[in-house]
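Let's take a walk through a protein model, from its helix pairs to its cores. Have the sequence and the 3D view open as you read.

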Amino acid sequence: MRRSLAFLAATLLATAAPVFADDTLDVVAQFEIQSAEPSTTGYIFTRMGVAETLINANPDGNLTPSLATDWAASDDGLTWTITLRDAVQFHDGTAMTPETVADALNIARAKPGPLAKTPVNAIEPAKGTIVLTLSEPFAALPAYLAHYSAQILAPAAYGDDGAAVEMIGTGPYKIAELAPPLGLKAAAFPDYWGPAPHVPNVSYSAVSRVETRALMAESGDADFVFGLDPASVARLGLSDTATVHSVAIPRTLLIKVNAGHPFLSTPEARRALSLAIDRAGIAKAVLRYPEGATQLFPPSVGDWHDAALSPLAYDPEEAKSLLADLGWTAGADGILVRDGERLALTLTTYPDRPELPLVAAVLEQQFRTIGVELTINTTNSSEISSGHADGSLDLGLIARNFALIPNPVGTVLSDYAPTGDWGAMGWQNDQIVQLARSVGRGDGGNAERAQISAILQAELPIIPIAWYRQTLAVAQGVEGTTIDPWERTFGLQDLKLTQ
């Protein structure tokens, strides 16, 4: 297929763009490749079918076999035995063994990431299995083994310090060329343990500008294009060169609140901001989504979505009343003042997701109607986590993914038990810590999940705005497209090129 501009982003950065053969399927998204290291870029390698984890997840979020065929815990919950798939080869021709799997997981566990936060004390190889010993029961452990940072790589992939220096996985595609930060090329791996892919070659290009990605889809210079803004989706919907696909995913657009800020330290202040947000208007007019968020967890998160929970409301007058009760009065320009200070806040967001700056601009207008002055700071996403760490963040507009660990309790534990860079800031609730840990252990269920949702809805350490939809443009002549709601795979191995 026509691919002369597959690395158009690199061209825009004055880097020569390679030309790919007609049997190559090109994927374009906004995410740069940092290195071969799974803990930082593993999500790209997993989606591209290059690297695999022991456990996978299906479109419903249920765990499924991958490099492991079975997993079971002992009666006391302190020992997990993971049965490994036979006859798996790494891309360098070496065999996957219990020793190589245990080594890969121990390397992953030594790095910052979800596996390091589990109560795993030891990972040891055994005959056809690995055995994980825990300090306390943790029923969610298999879901953590599905996280991209727990990819199983060949021994030769790692340097002496444990950092991955080469991407040598087990997936249906083998790296042919890795060129951080902008791209990779991969070819079908003939000794793959599963069904052989139909498309012999694939490529990935990191293209930062959404307008460029849309043009690549429209011109036929890319086959799979992710991260489109609403305007591009509308335009591509009229194009005869690409088909737009969309599905609800377990991701929520939300405001991360510094609850330790003197203006935001009470639930009433945070509720006032929430009441000022016209979620339905933002969803339909800005995002082109069917509805706004009524709570943190979208229906696609399954048991974590509580249909009985009273929905978040839009009521600017009630918001004004709450702020008045907190001692705020309108100044000459309409911005609220208390003790000589204006109710002025900075909202930090990032352009990697093109919808975020658009939503931020609308929030600035909606907050002003209740007397809140909002300054928008569009910068790198890393500024949000660094602002969390040093306490300088006021508000952060982010997209929180509940699918990174297929069991959402992993994200809940990271964000709210007690806090996390992408979750609560300046806020802690001991009850949520206990509830989340009980769900993680496996002795908590729907009642505990509903309590967590209710506490978050009442306290609002984060303020939900919209539930996400994943939208992509796929070139004509590509058959078999499916969207994984859990964003684990592009499904490249199942695609066919018909022209």
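A crossing of two helices is called left-handed if the near helix is turned anticlockwise from the far one by less than a right angle, and right-handed if clockwise. Helices (H or I, at least four residues) and strands (E, at least two) are DSSP runs, numbered from the N terminus.

Before we start: this is a predicted model, so local features need pLDDT of at least 70 and side-chain atom pairs count only at pLDDT 80 or more, while totals for chains, interfaces and linings use all residues. Residues are numbered from 1 along each chain as its sequence is written, and side-chain values use heavy atoms, with hydrogens and water left out.

**Helix pairs**

Two packed helices are described by the angle between their axes and the distance between the axes. Axes here are lines fitted to C-alpha atoms, for helices over the stretch in contact, and angles run from 0 to 180 degrees between N-to-C directions.

| Helix pair | Axes come within | Crossing angle |
|---|---|---|
| α13 (residues 430-441) and α14 (residues 446-459) | 9 Å | roughly 150° |
| α12 (residues 409-416) and α13 | 10 Å | roughly 155° |

The angle makes α13 roughly antiparallel to α14, a word used for angles over 145 degrees. α13 passes α14 in a left-handed crossing. Contact (heavy atoms within 4.5 Å) involves, among others, Ile-432 and Leu-435 of α13 and Ile-452 and Ile-455 of α14.

Likewise, α12 is roughly antiparallel to α13, and α12 passes α13 in a left-handed crossing. Val-409, Val-412, Leu-413 and Tyr-416 are the α12 residues in that contact, and the α13 side includes Ile-432 and Ala-436.

**The cores**

A nonpolar core is a set of buried Ala, Val, Leu, Ile, Met, Phe, Trp, Tyr and Cys residues joined through side-chain atoms within 4.5 Å. Buried means under 20% relative accessible area, using a 1.4 Å probe and protein chains only. Which residues have the most contacts inside the largest core? They're Leu-54 and Ile-255, in a core of 140 residues. Strand β19 (residues 462-475) gives this core its largest share, eight residues. Apart from it lies another core, of eleven residues, including Val-28 and Val-207.

**One threonine**

Now find Thr-41 in helix α2 (residues 38-47). Thr-41 counts as buried, because its relative accessibility is 0%. Not counting residues up to four places away in sequence, Thr-41 touches Glu-32, Ile-33, Gln-34 and Ser-35.

Key. Buried means under 20% relative accessible area, exposed over 50%, partly exposed in between (1.4 Å probe, protein chains only). Angles under 35 degrees count as roughly parallel, over 145 as roughly antiparallel, 65 to 115 as roughly perpendicular and the rest as oblique.
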